Amino acid sequence: MGDGDRDRDRQGAEQQHRDSVALQLEQLILDSERQYTPYQAARAAGVSMELASRFWRAMGFADIGQSRALTETDVIALRRLAGMVEAGLLSERMAIQVARSTGQTTARLAEWQIDTFLEHLTAASEPGLTRAEVAYPLVELLLPELEQFLIYVWRRQLAAVTGRVVQAENDEEMQSGRLAVGFADLVGFTRLSRRLEDDELGELVENFESTCADLVAGRGGRLVKTLGDEILFVADEAATAADIGLSLVETLGKDDSMPALRVGIAFGTVTTRMGDVFGTTVNLSSRLTSIAPKDAVLCDEEFAAALEREGAAPATDAGGPDALQTISSVGVGAPGPGEPHIQPPLPDAEYRFALQPMWRRPVRGLGLVEPWLLTRRVPGV
């Protein structure tokens, strides 16, 4: 036998060992062994093969043909979903949505958790141990604790959302209510990503997302989603969203490793579906973010009016369609010859925020928009 044959035999044996440990890990996590083909699982659950396939794909898993890869836990899950449909608790369409939303959310959660523990999975505790051999005892210890914590957080989140539903006057208010919607975007992220090593880029994104998540939640908002260099958040009150937007700029501005941040916030009717938000207000918030100066917060006229109604900012006067307030702190020039210079009323001590009008401008798909620069009220001014 030549050296090439011995190398292939050794590599084959190592692959078989990894496959064996991976299968053991799967059985540990699922607490069940593979025993069903998809057809057998559907029949055992009492559902059609077509519906079982739709549930499986909705959860984010690829078709597996007729491999004997499903377990008793898969059968139980199918039976429960189908049972809720049969009992009239969910329509078939709703059940598919439940499977899809749960699958998408937990897929990202699982990826994030494995990334978090990857250092422990790759660093063997004893010389000679492989990653697979280290992973099994680690997962065995973590699994029950993570499972209980996941259930706790899910129940907490479910209680919070249910409370909002109960307090709403009707279903329409819940699905198409009025909210403050904010985007926060790192400036020049694409160029920066070309210069950073993968580890540095990953650390920057993780720092950005975790800082934003803590600030949004801690100040009473809800983080809808993160998009690497951008986050989307909502708040029931304009003042809450204003505090979040400014806190993001202030906090991240102190971190020298972070690029500049720009934030756009709009207020209006928002449609909510599967944990996400849609509508003109969301689009406007995104557009405001794209035209916001660095390390600044722009908002729309509706948001400015909402702050006024809430008593968080003084009454504003744009002074006509082309008013521009001098904003030297963010690099916006003063009005030119013949252009109006509007000085909004000085805020009283009770106001938390100040608003300065900027040029009205056309925004693609949204017509003419009047942005306002949002700042904190300077004490004593």
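Arg 222 and Asp 236 form a salt bridge, their closest N and O atoms being 3.5 Å apart, where a salt bridge is a side-chain nitrogen of Lys or Arg within 4 Å of a carboxyl oxygen of Asp or Glu. This pair links distant parts of the chain, 14 residues apart, with Arg 222 in strand β2 and Asp 236 in the loop between β3 (230–235) and α10. Helices (H or I, at least four residues) and strands (E, at least two) are DSSP runs, numbered from the N terminus. The model is predicted, so local features need pLDDT of at least 70 and side-chain atom pairs count only at pLDDT 80 or more, while totals for chains, interfaces and linings use all residues. Residues are numbered from 1 along each chain as its sequence is written, and side-chain values use heavy atoms, with hydrogens and water left out.

As for exposure, buried means under 20% relative accessible area, exposed over 50%, and partly exposed in between (1.4 Å probe, protein chains only). On that scale Arg 222 is partly exposed, at 21%, and Asp 236 is also partly exposed, at 44%. Elsewhere, salt bridges that share partners put Arg 219, Asp 243, Glu 250 and Arg 376 into one network. Within it, the closest N and O atoms of Asp 243 and Arg 219 are 3.5 Å apart in their salt bridge. Asp 243 sits in helix α10 (residues 238–253) and Arg 219 in the loop between α9 and β2 (222–226), so the pair ties together parts that are 24 residues apart in sequence. Asp 243 is buried, with a relative accessible area of 15%, whereas Arg 219 comes out as partly exposed at 35%.

Across the whole structure, the search turns up twelve salt bridges. Another of these pairs is Arg 262 with Asp 185, whose closest N and O atoms are 3.1 Å apart. Here the tie is between parts 77 residues apart in sequence, because Arg 262 lies in strand β4 and Asp 185 in strand β1 (residues 176–186). Arg 262 is partly exposed, with 22% relative accessible area, and Asp 185 is buried at 9%.

Arg 262 also has a place in the strand pairing, where two strands pair if DSSP finds at least two bridges between them. Its bridge partner in β6 is Ala 296. Strands β4 (residues 261–273) and β6 (residues 296–299) run parallel and are joined by four bridges. β4 also pairs with strand β5 (residues 276–278), this time in the antiparallel sense and over three bridges; Thr 271 has Phe 278 as its bridge partner in β5. The hairpin of β4 and β5 has two residues between the strands, and Met 274 takes a positive phi near 50° there.

Lys and Arg count as positive and Asp and Glu as negative, with His and the chain ends not counted; the place of a charge is taken as NZ of Lys, CZ of Arg, CG of Asp or CD of Glu. A negative patch brings together Glu 111, Asp 115, Glu 197, Asp 198, Asp 199, Glu 200, Glu 203 and Glu 206. Helices α5 (92–122) and α9 (198–218) each supply at least two of its residues, and α9 gives the most, with five. Glu 200 belongs to α9 and is partly exposed, with a relative accessible area of 42%.

Arg 191, Arg 194, Arg 195 and Lys 294 make up a positive surface patch. Arg 195 falls in helix α8 (residues 189–195) and is exposed, with a relative accessible area of 62%. A nonpolar patch is formed by Ile 151, Trp 154 and Leu 158, together having about 290 Å² of accessible area, as given by the Shrake-Rupley method with a 1.4 Å probe and, for residues, only the protein chains shown as cover. Ile 151 is found in helix α6 (residues 131–167) and is partly exposed at 34%.

Finally, helix α3 (residues 49–58) has Leu 51, Ala 52, Ser 53, Phe 55, Trp 56 and Ala 58 as its buried residues. Just after α3, Gly 60 takes a positive phi of about 100°.

Methods
Patches are made of residues with over 30% relative accessible area and no salt bridge: like charges are joined within 9 Å, nonpolar side chains (Val, Leu, Ile, Met, Phe, Trp, Tyr) within 5 Å.
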